[in-house]
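Good morning, and thank you for coming.

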Amino acid sequence: MGTWDIGHFDNDTAADFSGTLDEAALEEREGLVRRVLTVVADTGAEDYLDSDEAAEALAAAALVAAQCPGGEPVTTAYGPDEPLPTFPADLRPLAVEALDRIVADESELAELWDETEESAAWRRAVKDLRAVLAPEPEPDTEPLFDL
């Protein structure tokens, strides 16, 4: 995998995925995003996750997160150029499952990053993306009952 930086689109596979999205009809783009997320989310914990599948799913999760409150827009030149549909809310938990699988054991992408000095920064970027997709609920400040 040709990697240039820790950004979610800063590798050959993610950039190619962006090109695939751009070439697809608008009504097919959600299905492409859903498919790559599902492939990774459905990879068993004991199965080895290929780095290319993981890189595509990471890019797809970034696209879903970009439409969430607090999400960062995808502004890199390696992201899709064509408009994306508004993604349904059910893609958020699927993206979280995919991200959790990407950083788990038996993930080639995580192993490759863990061999570099940028491992902590890459993992932090994935964690930040996950936090946008599944934000922690606000603590309840109201007492449940009066004493």
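**Helix 1 and its surroundings**

The buried residues of helix 1 pack against helix 2 (26–41) and helix 3, contact meaning heavy atoms within 4.5 Å. Helices here are DSSP runs (H or I, at least four residues) numbered from the N terminus. The model is a predicted one: local features need pLDDT of at least 70, side-chain atom pairs count only at pLDDT 80 or more, and totals for chains, interfaces and linings use all residues. Residues are numbered from 1 along each chain as its sequence is written, and side-chain values use heavy atoms, with hydrogens and water left out.

Which residues of helix 1 are buried? They are Thr13, Ala14, Phe17, Ser18, Leu21 and Asp22, where buried means under 20% relative accessible area (1.4 Å probe, protein chains only).

Let me turn to helix 3 and helix 4. Helix 3 (residues 51–66) packs with helix 4 (residues 91–102) at an angle of about 145 degrees, their axes being 9 Å apart. Axes are lines fitted to C-alpha atoms over the stretch in contact, and angles run from 0 to 180 degrees between N-to-C directions. Helix 3 contributes Ala54, Ala57, Leu58, Ala61 and Val64 to this contact, and helix 4 contributes Leu91, Arg92, Ala95, Ala98, Leu99 and Ile102.

Finally, Ser51 lies in helix 3. Ser51 is buried, at a relative accessible area of 6%. Beyond its neighbours within four places in sequence, Ser51 contacts Glu108, Leu109 and Leu112.

Note on methods. Helix = DSSP H or I, 4+ residues; strand = E, 2+ residues; numbered from the N terminus. Buried < 20%, exposed > 50% of the residue type's maximum accessible area, 1.4 Å probe, protein only.
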